[in-house]
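Please open the structure in your viewer and keep the selection tool at hand. The stops below say what to select next and what is there.

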Amino acid sequence: MIGNDETKLVLLVQNAYNVFCYFNVSPITIKEFEDRYGENSWQNSKPVLKVYEISDGSACEVKNIYIDPLADNWYIKLDKDDIDVFVKLGRMLPDDNFEAIAVSNTVTTPRNHISGDSAVYYVDVSESCANTEGKVPIYNKKVNKKVIHKEPKPYPFMERKKN
């Protein structure tokens, strides 16, 4: 990412408790930071990743991670699974004020437990409902007509019509 003039922060899910972020801070962003906070303010401040969890529509800060000044990526260990997370990259000034430089995308970590949905859904997979290739709709052998399934679909994503 060297030579890139765009400041970016991207978050990727690794598993239920870990996310990975990579970032690039452009020289223009560093210059603007030093213009705002004074000469050598970049060197005198510490790079920080602030991790936020989104719960009930509001963001709550989960942790601060002080990172190596030369780092351009970081693994973040989370304490919970099945959460919406985003990260802010910034600098902690000597007076303990945080100045954000970039904000990541929001990702959702998977759950690390069996689903609590105990509803039972049955799908008819008998010989009369599936052809040899497993494609639906099938042809009725007696009349050679298409058999259209009018049963309710158990999953919401199956209700959408294909283009």
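A disulfide is a pair of cysteine sulfur atoms within 2.5 Å, and the structure holds zero disulfides. This is a predicted model, in which local features need pLDDT of at least 70 and side-chain atom pairs count only at pLDDT 80 or more, while totals for chains, interfaces and linings use all residues. Residues are numbered from 1 along each chain as its sequence is written, and side-chain values use heavy atoms, with hydrogens and water left out.

Select C21, which is buried with a relative accessible area of 0%, and then C60, which is partly exposed at 47%; buried means under 20% relative accessible area, exposed over 50%, and partly exposed in between, with a 1.4 Å probe and protein chains only.

Next, select L11, L49 and I76, the residues with the most contacts inside the largest nonpolar core, which has 17 residues. Such a core is a set of buried Ala, Val, Leu, Ile, Met, Phe, Trp, Tyr and Cys residues joined through side-chain atoms within 4.5 Å.

Stay on L49: leaving aside its neighbours within four places in sequence, L49 is in contact (heavy atoms within 4.5 Å) with residues including C21, W74, I76 and V87.

Finally, show the open sheet of three strands, whose order is β1-β2-β5 with antiparallel pairing; strands are DSSP runs (E, at least two residues), numbered from the N terminus, and two of them pair if DSSP finds at least two bridges between them. The edge strands, β1 and β5 (73–77), each pair on one side only. Between β2 and β5 there are five bridges, and in β5 you will find N73 opposite Y22.

Technical notes
Helices (H or I, at least four residues) and strands (E, at least two) are DSSP runs, numbered from the N terminus.
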